[in-house]
Amino acid sequence: MIKILACAIAAATASMLTAGAAHADESAFLKTLAGNWSGNGTVKVRTNAPTIKVTCRFKSDANASSLALNGRCTSLVVFSRVISAKLKASGDSYTGSYVGAGTGTAGLGGKRAGNAISLAIKWAKEVNGDRRAQMTIEKTGASGMRLTTVDTDPATGRSVVTSRIDLRRS
């Protein structure tokens, strides 16, 4: 669950970090993701595990070429995890790292299309049968952001939403 949450956070951070080094329209887009965020969502520790409801709070700092996202997600008394992500933009490409999933530092890379940044995640260790997953950071409305992580169920080969967090500017 923490790994999935970490991916989501890493993706959000990646989108924010790209503001400075990206095209002018990238900079404007990324600036809309900076600030303080809070919200709720669901997380699965593994693709075949039940969903767990979480509450999250993040602070994102963005400058011309990077983004730093720092926060914490909790689920009742089950867990509380500090999460951080750092991203850099070069043109329309995003690269960065995520720490907080418990597997070590994960790598991030991807591009933006419309209001969403799609990132490939490469875990430091195997998660759900491999080291790959996908994350989307999507701007929703004037003051919302959605972080979604999708992984492949090793038993069925199907894509499974392993985290979905809806945040609002706080």
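User: What pLDDT does the protein chain average?
Analyst: This is a predicted model, in which local features need pLDDT of at least 70, side-chain atom pairs count only at pLDDT 80 or more, and totals for chains, interfaces and linings use all residues. Residues are numbered from 1 along each chain as its sequence is written, and side-chain values use heavy atoms, with hydrogens and water left out. The pLDDT is the predictor's confidence in each residue, from 0 to 100. In the protein chain 84% of the residues score at least 70, and the average pLDDT is 81.

User: Which element of the protein chain has the lowest mean pLDDT?
Analyst: Helices (H or I, at least four residues) and strands (E, at least two) are DSSP runs, numbered from the N terminus. Strand 10 has the highest mean pLDDT, 94, while the lowest, 44, belongs to helix 1 (residues 2-17). Over residues 4-23 the pLDDT is below 50, although this stretch has 123 contacts (heavy atoms within 4.5 Å) beyond near neighbours in sequence in the model. Where pLDDT is low, the predicted coordinates should not be read in detail; the element asked for is helix 1.

User: What percentage of the residues of the protein chain count as buried?
Analyst: Buried means under 20% relative accessible area, exposed over 50%, and partly exposed in between (1.4 Å probe, protein chains only). The protein chain has 170 residues, and the share that counts as buried is 46%.

User: Is D130 buried or exposed?
Analyst: The side chain of D130 meets that of R132 in a salt bridge (3.5 Å, N to O). A salt bridge is a side-chain nitrogen of Lys or Arg within 4 Å of a carboxyl oxygen of Asp or Glu. R132 is exposed, because its relative accessible area is 58%. D130 has a relative accessible area of 17%, so D130 is buried.

User: Where does R164 lie, and which residues does R164 touch?
Analyst: R164 is found in strand 10 (residues 159-169). Its C-alpha atom is separated by 8.5 Å from that of N40, which is 124 residues apart along the chain. Not counting residues up to four places away in sequence, R164 touches N40, G41, T42, R146, L147 and T148.

User: Why does R164 count as partly exposed?
Analyst: R164 has a place in strand 10. R164 counts as partly exposed because its relative accessibility is 38%.

User: Which parts does the pair of R146 and D166 tie together?
Analyst: The side chains of R146 and D166 meet in a salt bridge at 2.6 Å, N to O. The two parts are 20 residues apart in sequence, because R146 lies in strand 9 (residues 144-152) and D166 in strand 10.

User: Which residues do salt bridges that share partners join into one network?
Analyst: The structure holds four salt bridges. Among them, the side chains of R164 and D166 meet at 3.9 Å, N to O. The residues joined into one network are E138, R146, R164 and D166.

User: Which residue lies over the face of F29?
Analyst: A charge sits over a ring if NZ of Lys or CZ of Arg is within 6 Å of the ring centre and within 35 degrees of the ring normal. At 4.2 Å from the ring centre of F29, the residue over the face is R112.
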